[in-house]
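Subject: Structure for your files

Dear colleague,

Here is the structure you will be taking over. My notes on it follow below.

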Amino acid sequence: MIKAVPPALIFILGALLIPLLKGKLKQVYLLVVPTVAFLDLLYLNPGTSWIYHFLGYELVFCRVDRLSLVVGYIFVIIGFLAILYSLHTKEDGQHIAAFLYVGSSLGVVFAGDYFSLFAFWEIMAVSSVFLIWYQKDKESLNAGFRYILMHIFGGCCLLVGIIIHIGSSGSIGVDCLEPGIAYWLILTGFGLNTCFIPLHTWLPDAYPEGTFTGSVFLSVFTTKTGVYVLARCFAGADFVAYMGGIMAVYGVTFALLQNNARRLLAYHIISQVGYMVAGIGVGTALGINGGIAHAFNNILYKTLLFMCMGSVMYMTGRRKLTEMGGLARYMPVTCITCVIAALSISGAPGFNGFVSKGMVISSAAEVHKPILELMLILASVGTFLSFMKLCYFCFFAKNYEIESKEPPINMQLAMGLSALSCVFIGLYPKILFDILPYDGVHYHPFTPSHVIGTIQLLMLAGLAFVLAKAMVVPHRATVLDFDYFYRMGGRGLVWACNVPLSNFRFKLQVFFSRAVYIIVRLGKNPISVLEILAAYAYQRITRGLRYVSGYSSSEIYEENLYRRPIGVGVLVAIILLFVFALIYFVL
Amino acid sequence: MEKMLKRLFLILAVLCIPLGFFTKHEHAVFLWHRIPSIEAVFGVFGAFLLILASGIVASFAQKKEDFYD
């Protein structure tokens with residue numbers, strides 16, 4: 001009998017073979033790995049397996065239930081589509097980073113304990129940053145560093161929270177948490193990946209700077225693993241529910257102001273994740289099913305949107321809406337698939353977003369949260385406005401200076417399959433309902449009031465867009481977000497370390513060096529005290545005279561003077577780790 | 001294109017608003033669930049509210065593209 005392996009293992013080990021293959025064989029291999037992972041998923045039985053004992057704890061690498069399976073399915077499906085889209089990419093490094101990213105995300109989903117979850121969580125952060133850095137320009141390099149710094153902060157919060165939780169409860173199982181310090185620290189760690197406001201700034205900063213193909217992967221895994229762990233550990237928390245509402249409205253408000261097409265999409269990730277978080281925060285069976293169904297659907301249409309904008313940028317070299325327009329003539333496949341994705345994300349009847357968005361909004365009413373329901377409805381209006389803006393200024397606005405053609409066939413195929421999935425689930429949602437975490441939840445999306453109400457909402461919002469189009473015209477500008485405070489705070493911290501603190505340290509060093517010198521000298525020859533006093537008096541007088549004449553002799557801290565290669569630090573860390581392991585395992 | 005869009009939205013809006021009077025919310029919980037065609041009102045007011053909100057944000061947060069450089 002074939003024993004299923006953790007799907008993470010297939011992608012992570014699969015990444016190792018990529019550099020050994022070339023040409024068509026490599027392309028076939030890239031598609032075979034997610035296919036094998038999907039077949040493996042079908043073999044997984046509910047329960048826990050692949051359990052290892054480490055430091056007295058049980059590490060569970062394969063915890064299978066309906067929640068992990070549904071997220072696993074969509075991760076592998078979209079992994080396949082995103083790999084298909086990026087098949088023409090020549091750099092092996094990008095493929096390896098993408099495989100490690102998908103694999104580690106699956107590792108988080110199937111992890112049954114906090115230790116292995118944390119390990120996969122960090123692999124996810126490190127592997128994903130390469131999908132940004134492979135763009136190989138100054139903006140992507142800087143954005144990548146900001147991205148990884150934020151994720152290191154989130155990872156630290158998570159680790160400290162996990163340690164406190166294990167210390168207090170003795171359990172390492174990934175389950176619902178009790179309020180306390182550990183609860184809030186772990187929530188901060190998860191919330192950073194899920195883009196809780198104001199920890200969201202890494203997303204609209206970094207995702208638009210990723211490679212064309214890398215951003216397609218990025219748009220899926222980090223935020224959705226965050227949603228998954230929230231569903232696992234924080235379902236039913238009021239704070240989480242209202243944070244979801246705030247994210248939904250905040251995302252669309254900022255999306256309306258964006259000129260960079262991928263930054264607009266990035267803000268919409270925040271908004272759409274807000275729906276999922278709200279559903280999970282509501283915590284009822286309908287809410288959690290709605291949140292997870294929305295994650296499933298969102299992965300399909302959001303990936304499609306990133307694929308479409310990636311194709312536009314790949315073929316035209318233009319990133320900003322002010323530079324686009326009139327592309328519907330040259331790129332009809334891209335245009336049609338983008339419109340399908342826009343209708344899906346707006347929740348138009350017949351498209352997949354309609355089904356899951358309705359579930360989340362209904363769940364807010366189910367638990368009598370009127371403010372939350374109104375926030376989610378408002379976000380629906382904003383979503384439609386933003387995508388009217390995106391589609392109009394990208395494909396339909398007049399621009400006679402632009403010429404283009406359709407992207408390579410693999411990109412078109414990936415977009416076509418994604419669009420087809422959006423429509424298929426929109427028309428036949430039962431296929432999705434059957435695999436949701438809670439069985440037996442009855443929700444009927446195609447009721448007359450829901451269909452008519454949604455059409456009214458969208459048509460009137462569309463009319464308002466056409467009437468007030470001048471107010472949402474994209475401008476060549478950048479819109480400051482909370483990252484302004486982080487960046488300014490960071491600059492302030494660097495200045496404080498480089499100037500006042502380092503000067504203070506330098507002065508202390510000089511003072512103690514002189515003190516030691518004097519003590520040594522006096523110890524050798526006590527009579528030299530007169531010489532020392534004379535030298536000191538001379539030094540003070542000359543310094544005073546220099547000061548009066550305006551000459552400054554103060555020594556300034558030179559940061560490069562004390563720098564050592566990073567390899568030295570790594571070597572020291574490895575040696576310490578080796579010594580620790582030696583003491584722990586051998587002695 | 002713009003005229004066509006305006007007409008399209010106007011016609012569909014005019015057609016679907018009366019339909020709202022013939023449908024009823026299945027699980028009316030809040031007061032507005034009982035008001036016919038309330039989604040149309042949400043659509044118009046929501047759109048203007050968000051455009052206004054983004055305009056306010058833009059007034060103090062929109063800077064030159066090279067602001068951070």
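A crossing of two helices is called left-handed if the near helix is turned anticlockwise from the far one by less than a right angle, and right-handed if it is turned clockwise. By that rule, helix 2 of chain A passes helix 3 of chain A in a left-handed crossing. Please keep in mind throughout that this is a predicted model.

Helices 2 and 3 of chain A

Helix 2 of chain A covers residues 23–43 and helix 3 of chain A covers residues 66–85; their axes are 9 Å apart and the packing angle is about 165°. Angles over 145 degrees count as roughly antiparallel, and helix 2 of chain A and helix 3 of chain A are therefore roughly antiparallel to each other. From helix 2 of chain A the contact takes A:Leu30, A:Leu31, A:Pro34, A:Thr35, A:Ala37, A:Phe38 and A:Leu41. Their partners in helix 3 of chain A are A:Leu69, A:Gly72, A:Tyr73, A:Val76, A:Gly79, A:Phe80, A:Ile83 and A:Leu84. By class, the residues of this contact between helix 2 and helix 3 of chain A are twelve nonpolar and three polar, with no charged residue.

The hairpin in chain A

Strand 1 of chain A (residues 47–54) pairs with strand 2 of chain A (residues 57–64) through seven bridges, in the antiparallel sense. A:Gly47 stands opposite A:Val64 of strand 2 of chain A. Two residues lie between the strands of this hairpin. A:Leu55, in the loop between strand 1 and strand 2 of chain A, has a positive phi of about 50° although it is not a glycine.

Helices 7 and 10 of chain A

The axes of helix 7 of chain A and helix 10 of chain A (residues 221–233) come within 7 Å and cross at roughly 145°. This crossing of helix 7 and helix 10 of chain A is also left-handed. Helix 7 of chain A contributes A:Ile186, A:Phe190, A:Asn193 and A:Thr194 to the contact, while the residues from helix 10 of chain A include A:Thr222, A:Gly226, A:Leu230 and A:Cys233. The contact of helix 7 with helix 10 of chain A divides into six nonpolar, six polar and no charged residues.

The loop between helix 7 (181–194) and helix 8 (202–206) of chain A holds A:Pro198. A cis peptide bond joins A:Ile197 to A:Pro198, with omega at about 5°.

Where chain A meets chain B

The contact involves 39 residues of chain A and 42 residues of chain B. On the chain A side, helix 11 (238–255), helix 16 (370–396), helix 19 (448–467) and strand 3 (478–479) each supply at least two residues. Helix 19 of chain A gives the most to that side, with 16 residues. The side of chain A that touches chain B has 28 nonpolar, nine polar and two charged residues.

Strand pairing also links the chains: two bridges join strand 3 of chain A to strand 1 of chain B (residues 62–63), and these strands run antiparallel. There, A:Thr478 stands opposite B:Lys63 in strand 1 of chain B.

Confidence

The model scores ipTM 0.93 and pTM 0.89. Chain B has a mean pLDDT of 88, and 100% of its residues reach 70 or more.

Regards

Conventions
Residues are numbered from 1 along each chain as its sequence is written. Chains are lettered from A and ligands numbered from 1 in the order in which they are written. This is a predicted model: local features need pLDDT of at least 70, side-chain atom pairs count only at pLDDT 80 or more; totals for chains, interfaces and linings use all residues. Two residues are in contact if their C-beta atoms, placed from the backbone, lie within 7 Å. Helices (H or I, at least four residues) and strands (E, at least two) are DSSP runs, numbered from the N terminus. Ala, Val, Leu, Ile, Met, Phe, Trp, Tyr, Cys and Pro count as nonpolar, Asp, Glu, Lys and Arg as charged, and the others, Gly among them, as polar. Two strands pair if DSSP finds at least two bridges between them. Axes are lines fitted to C-alpha atoms, for helices over the stretch in contact, and angles run from 0 to 180 degrees between N-to-C directions. Angles under 35 degrees count as roughly parallel, over 145 as roughly antiparallel, 65 to 115 as roughly perpendicular and the rest as oblique. pLDDT is the predictor's confidence in each residue, from 0 to 100.
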